[in-house]
Amino acid sequence: MAHLQQSAIFTPGVVESIQHKAQTGLYEMRGFGTLRQRRWATFDDLTFLPCSLTRIPLEGYREKCSTKTLLGTRYAKKPIELDIPVMITGMSWGALSYNAKVALAKGAAAAGSSNTTGDGGMLQAERENSRTLIYEVLPSRYGINIHHMRMADAIELTIGQGAKPGTGGLLLGSKVSNRIAEQRDLPIGVDQRSPARHPDMLGPDDMIIKVEELREATDWQVPIFIKIGASRVFDDVKLAAKAGADVIVVDGMEGGTGASPSIFQEHTGIPTLGAVCEARLALEDCGLYGEVQLIIAGGIRDGVDAAKAIALGADAVYIGTAALIGLNCNKPLYLEDYEALGTAPYACHHCHTGRCPVGITTQDPELMQRLDIDAGAERIQNLLHAMTLEIQMLARSCGKSDVHHLEPEDMAALTMEASAICGIPLAGTRKVFGR
Amino acid sequence: MTQLNAADLSTRELNSRLRDLVARDDAEIHVENPGARHNLAVAMLKSGKIRFRGSVGYYCGGLADGISIEIDGSAGWGLAESMLGGTFRVHGNAGNGAAAAIRGGTVVIEGDAAARLGVSMKGGTVIVAGDCGYMAGFMGQKGVLVVCGNAGDAFADSLYATECYVGGEIKSLGTDAVASEVTDEEAAALESLLAANLAPELRALKPQARRFRKVVAGRKLWNFDKREWKIWREAL
Ligand SMILES: Cc1cc2nc3c(=O)[nH]c(=O)nc-3n(C[C@H](O)[C@H](O)[C@H](O)COP(=O)(O)O)c2cc1C
Ligand code: SF4
């Protein structure tokens, strides 16, 4: 046995975590999303099967491949029409800086997509710079304002998030600045824990009435989304559909966060790949697949992940972390400030501290200046365009004139797990495992 | 005064009519036969007066700004939830989560309130002439919550800065809630608040309401402190 052999159980990370708890008396809290090293089935376990003799591909960059995305066709008088199926997810002003919120809104608008408010309510500048704005109604109801709600193009009733299903939000005192405290009606500098449950409803039956209330409040004009953190996806999606959702958002275990207990990020909920498959099955089971639209979130990195999610049944994807990375999250700039946080570029997950080296997840005016709104917006626009090109490229190669025509049949599984989860034959066999 | 018969109208039709009438500055609208229906008078955004001549269901007057609503019967869950401004008066009782997450305005409940009264309040004033159920004031952020009668279990749990007053017995205080005597100044302010909002005979129903106690946050949950781990274990 080598002298310096490390334990496979008490790894350096585990040792550090135990000592952190012994020192502080508190569990670990951080931002970003799961850091788990052990792998589980992901979109990487699937590969596309482009056309050869059985099907005819479309001419890349020439033949039309539509990316128009319609959401909210079930009940809303004014469904949302987006140019692309990649949307910016809800991230709160509070977790994010003002500059980051406005840059996301501007970038999404320029790319013909949407952005979503977040815990803490709407910023006026966010509305002014958005083309399509989705207004979140969260359990905390921070900043809830009916006038803002009625300016929105859709309402998202949030039940949970993938990074921390079954718990509420967190914003540590360092980020509860004067402006954030005022917007959220809180004392300045408190460690704000927001509730896990809505204050005026409990179960799915109440939610049916709540959805009707939101429709009445917006005159049945705009779509109502229901967002759930992926845990019992099959049942939850059916209940959300029964409650009258136009659109259901399912956020998988890989979902990002501004601040959550790390055990929730690592050990709760189910991964996004399984979540999209269960969600589709649920909608098919109640005969609403295609009528209720599905948005998938959680660890979507590029057009490939997005295309695979769409092929498995999603109508669109939400991106959070990828958008922040587009704004320079984890980029090797201001190295001394990463170091001051005890971290480094590519390994930073310190959004909860409020000391984001690149000005994204901070309320500090000086740090925030490091994110130029227009430059950030341009990067978001570029990212959304590039992701859309990737989706189109894959769709054309599979012979699709509309990215929404991608289907499970266009893919093969690379692992038995993925085959069993997605109901797709394992590459090299004609067999779906587990069937 | 305009009269509408809810029995003849769907919720959508009734709310549209109410919104139109309120927009036209119709001073007073009476709604007959509300039938404890849910989502009545949601998001009324102008001043004006709506009187329900019976009981209403969930979320009556939810998301209001500026309206004055009077309910002759009782109200279901989430009365006036997330209101920005306006006044509500319920002659009967109110269900769970009355005045949840309100940011302004006044809610007066002349009977009793059920569980989670004023939960996540962010402003405004809530007055209950009778008793309230468990977890009233939970995570209250701002505003004033007054219960003239008795309060249930876990009163004012995990409070931020809502000022809470109870006239009767408090079955148990919530985590980090601290009760104290009211100062003369606070007693006088309470007296005039109640005089302005409750008829003398209602105030007389609860004679103990002369011995109000104030409940505020002990602030031990405001910022994590490892020396307070017992209280945090309960709270988290
Ligand atoms: C900084 C940050 C703040 C967030 N704030 C909110 C929020 O206010 N409300 C919400 O529903 N989800 C919030 N989320 C979760 C996202 O909406 C979304 O579900 C998740 O980021 C998707 O996963 P991804 O980051 O891997 O794309 C936040 C995520 C991040 C990274
Ligand atoms: S660079 Fe900023 S946004 Fe990115 S993980 Fe670090 S603190 Fe969070």
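Me: How far is the backbone N or O atom of Asp119(A) from an oxygen atom of ligand 1?

Reply: In this predicted model, which keeps local features at pLDDT of at least 70, side-chain atom pairs at pLDDT 80 or more and all residues for totals for chains, interfaces and linings, the distance is 2.8 Å, a polar contact (a pair of N or O atoms within 3.5 Å; within protein, one must be able to donate a hydrogen and the other to accept it, and residues adjacent in sequence count only if both atoms are side-chain atoms). Residues are numbered from 1 along each chain as its sequence is written, chains are lettered from A and ligands numbered from 1 in the order written, and side-chain values use heavy atoms, without hydrogens and water.

Me: Which side chain has an N or O atom 2.5 Å from a ligand 1 oxygen?

Reply: That is the side chain of Thr321(A), while a polar backbone atom of Gly256(A) lies 3.0 Å from an oxygen atom of ligand 1.

Me: Switching to the chains, how many salt bridges are there between chain B and chain A?

Reply: There are seven, a salt bridge being a side-chain nitrogen of Lys or Arg within 4 Å of a carboxyl oxygen of Asp or Glu. Asp185(A) pairs with Arg103(B) in this way, with the closest N and O atoms 3.0 Å apart.

Me: And how many residue pairs are in polar contact there?

Reply: The rule finds 22 across the interface of chain B and chain A, with both residues at pLDDT 80 or more.

Me: How many residues does each chain bring to the contact?

Reply: Chain A and chain B bring 41 residues each, where contact means heavy atoms within 4.5 Å.
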